[in-house]
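Q: I'm new to this one and would like a close look at a single part. Could you pick a helix and walk me through its surroundings?

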Amino acid sequence: MSETARILALHAGLVALLLVLNFVLPAYPQGNLARIMVLASYAIGYNVLFGYTGLLSLGHAMFFAAGMYGMGLSMRHLGFPAGPALLAGLGAGAALSLVVGLLALRTAGVAFMIVTLMFAQAVYLAILLFGKYTRGDEGFVIPQADRVLAGIDLSDPFNRYFVALALFSFCLFSVLWLIRRPAGRVLVAIRENEERARLLGYDVFAHKLGAVVASGTISALAGAFYGLLFGYAGASFAAVQYSILPLLWVLLGGAGTIIGPFIGTLFMFYLIDLTSGLTSAYMLIAGVALVLLTLFAPQGLAGELRKRLWRWLP
Amino acid sequence: MSALLETRGLSRSFSGLRAVHEVDFTLPEGQVRALIGPNGAGKTTFVSMLVGRLAPSSGTVLFDGRDVTGLPVHARVRLGMAYTFQITSVFLRLSLHENVALAARRRLGGDGLAVERAVREALSRVGLLEHARRNAEELSYGHQRLLEIAMGIAQKPRLLILDEPTQGLADGEIADFKALLGELARETTILLIEHNMSVVMEVAEKITVLNFGEVLAEGSPEEVHADPRVQAAYLGVPDVAG
């Protein structure tokens, strides 16, 4: 089997497996997995910038929230139906990531981390400041009657799972396509050796900006779908922990792998879900698991898989 | 022969220290030029300004008659400059194939077949084709230097700037390198910064000597070799030309 066929078989196989699960899973894990797939889409977006381009952002919650509020506010105040509202969320994320990219990419390394963190805090505080429209911390519910996309009721668990899977597959295969294209290879080159990439004649700034916009827009798309599928938009999704979470998911799953963000999100979600049933100190157990993984699988689960078994893993 | 590369009054100081001072330099198309000089003479500062890694304090750089002084690095490379680093700088965790493909793709774009051909050609010319699938970090230092040259070849540059390409190479590798350089000289203009005098004397058509950031002498290898000022700069005897 050629490398391309193997790669397609693996990723299409994952999507097919997730599709089958929709028909066999009981309600609780079905709901969980729908949530995981949307959050994994967010992590896939994050991974474009962190895993493939080597830029560590500490402020991706602003893009997730831009999608969520772009969708939610346009529905709530402008009466947009679900489809146009999703596009509004997408547009808000693309515009915000372009502006943030233009400004934040003037810095590098630690400064880039701080600048993205600050921008995200500004977005979070802006959501609180305009509480009249956003209902601040409390957030707002998106009524069930509005959660209909092309005649499909998104509040129904089966439909919701299906749409979450469609979003996840779209993000998974778009990024797979992107990183196998010449432009995607340049992102990896920038991650590995920026000065060399520049001296091969590549416009490093333009490529990084493209990566920020792609990453921010995918994150916003995930945020918009999250609000629509689960019927709620709140300021907590713009808070700092939602910037840290995708970093953790990607690190655990394997930065710079296509499948890693999903594995990391799944692992972390169930780690917290299972341990919180056992003890109130569940974050302690999650923390220990994180430390152990960092010690023994520093490249993340899919990263180790690539190192030990499947060198072809993209 | 028209001038491919020209500098006028090119200068750069670092907090008052004049690293390169008022250098007028002309390199005709098709020539192999060596740039030599003692350590700290300003050679690397000079070529860094040529490719745009360093902005000059004053002066201009002209490439193919066009003022490129204000252009960023990548734009100069696109016009046809290629630069290989003094300290090996390749993509260590990527395969040799991908290293060279990155160099070729900028020119050839998405044409996969053309890129594949260019990669095979460049790797076989430096004798690394059999290692194409290995990661660059698995190579010996000498082979990594050759990989840099292969990346230069794959760019099909009009001007190839080699910054101390033989540094750290074994004698046998240097002999192979001279042969490779002889071949490349037929295809492109080369600016060679080099310490190894046997390489310089055999390969260069003309030599420019930098000393304390200024051009000390320029001429054929024989002329430069016989120049007492050059000998003084290199050997540290009193300046007999004074």
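Q: Take helix α6 of chain B: which of its residues are buried, and which elements cover them?

A: Before we zoom in, keep in mind that this is a predicted model. Chain B contains 9 helices and 10 strands. Its radius of gyration is 18 Å, close to the 18 Å that the globule rule gives for 242 residues, so chain B is as compact as a globular protein of that length. Along the principal axes, its C-alpha atoms fill a box of roughly 60 × 40 × 35 Å. Of the 242 residues in chain B, 44% are buried. Now take the contacts in chain B between residues at least 6 apart in sequence: 63% of them join residues at least 24 apart.

On to the helix itself. α6 of chain B runs over residues 171-185, and at 1.5 Å a residue those 15 residues should span 21 Å. The buried residues here are B:Phe177, B:Leu181 and B:Leu184. Look down the axis of α6(B) and these buried residues fall within an arc of 60°, so they line one face of the helix. Here's the background: an α-helix has 3.6 residues a turn, so residues three or four places apart point the same way. And the other side of α6(B)? There you'll find B:Asp171, B:Gly172, B:Ala179, B:Gly182 and B:Glu183, which are exposed. As for the cover over the buried residues, it includes the strands β7 (159-163) and β8 (189-193), along with the helix α7 (197-203), of chain B.

Elsewhere in chain B there is an open sheet of 4 strands, in the order β2-β1-β4-β5, with antiparallel pairing. β2 (17-28) and β5 (66-67) stand at its edges with a single partner strand each, so one side of each is left without a neighbour in the sheet. β1 (residues 3-14) is joined to β2(B) by 8 bridges, and the two run antiparallel. You can trace that pairing by eye: B:Ala3 stands opposite B:Pro28, and B:Ser13 stands opposite B:Arg18. The hairpin of these two strands has 2 residues between them, and B:Ser15 takes a positive phi near 35° there.

Finally, the two chains touch, with 14 residues from chain A and 18 residues from chain B in the contact. On the chain A side, α8 (182-192) and α9 (194-199) each supply at least two residues. That side divides into 6 nonpolar, 2 polar and 6 charged residues.

Definitions and conventions: Residues are numbered from 1 along each chain as its sequence is written. Chains are lettered from A and ligands numbered from 1 in the order in which they are written. This is a predicted model: local features need pLDDT of at least 70, side-chain atom pairs count only at pLDDT 80 or more; totals for chains, interfaces and linings use all residues. The radius of gyration is taken over C-alpha atoms; the globule rule is 2.2 Å times the number of residues to the power 0.38. A residue is buried if 20 or more other C-beta atoms lie within 10 Å of its own, exposed if 12 or fewer, and partly exposed in between; C-beta atoms are placed from the backbone. Two residues are in contact if their C-beta atoms, placed from the backbone, lie within 7 Å. Ala, Val, Leu, Ile, Met, Phe, Trp, Tyr, Cys and Pro count as nonpolar, Asp, Glu, Lys and Arg as charged, and the others, Gly among them, as polar. Two strands pair if DSSP finds at least two bridges between them. The expected span of a helix is 1.5 Å times one less than its number of residues. The arc is that of the directions from the helix axis to the C-beta atoms.
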